[in-house]
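Let's read a structure together, one feature at a time.

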Amino acid sequence: MVIAVDFDGTIVEHRYPEIGEERQNAISTLRRLQNDGHQLILWSVREGALLDEAVEWCRERGLTFYAVNTVIPEGMSEEEQRNVLISRKVNADVFIDDKNIGGLPSWNSIYDIITQTSIPTKVIKKTSKSTPIDDDNLQLPYPAWMFWKKNRK
Ligand SMILES: [Mg+2]
């Protein structure tokens, strides 16, 4: 999956424009998701030097992103800017943001939620009431990366 992740308040405590302390397990969880095959996009309101600082802060901790905020070139019309912003948003399958309704779960929970949301249809069908559950073949939770890799063949 393509996962867009916010920086201030999400990867680090909200101290914008300063960089706050890392939120517990944020970097290790993101690296783990990357190892599972997910593509991470840093999705932040930061721009210019402030954005560079955030990218560098992550890089120093072993986290490099597949993509960072689309930079909006100067001279674009308002409509073109809007299109860039819209495409930036729809290009991700999942967003991790401290402004989520209900707030930001712990990073350990975020990992569990992401790896358990992409349960293959086959397994879902087996758990429906009308179909008997085949205990021998039922493997829940089914790691998301397995499903993702299967689809890429
Ligand atoms: Mg935020």
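This is a predicted model: local features need pLDDT of at least 70, side-chain atom pairs count only at pLDDT 80 or more; totals for chains, interfaces and linings use all residues.

Q: How many helices and strands does the chain have?
A: Helices (H or I, at least four residues) and strands (E, at least two) are DSSP runs, numbered from the N terminus. Here you get six helices and four strands, in the order β-α-β-α-β-α-β-α-α-α from the N terminus on.

Q: What share of the residues is buried?
A: Buried means under 20% relative accessible area, exposed over 50%, and partly exposed in between (1.4 Å probe, protein chains only). Of the 153 residues in the chain, 33% are buried.

Q: Which residues hold the magnesium ion's protein donors?
A: Donors are N, O and S atoms within 2.8 Å of the metal (3.2 Å for Na, K and Ca); water is not among the atoms, so sites may look incomplete. In this model they are D6 (OD), D8 (O) and D98 (OD), 2.1 to 2.2 Å from the ion. D6, in the loop between β1 (2-5) and α1 (26-35), and D98, in the loop between β4 (94-96) and α4 (107-117), are 92 residues apart and link distant parts of the chain.

Q: Are D6 and D98 buried or partly exposed?
A: D6 counts as buried because its relative accessibility is 10%, whereas D98 is partly exposed at 22% relative accessible area.

Technical notes. Residues are numbered from 1 along each chain as its sequence is written. Side-chain values use heavy atoms; hydrogens and water are left out.
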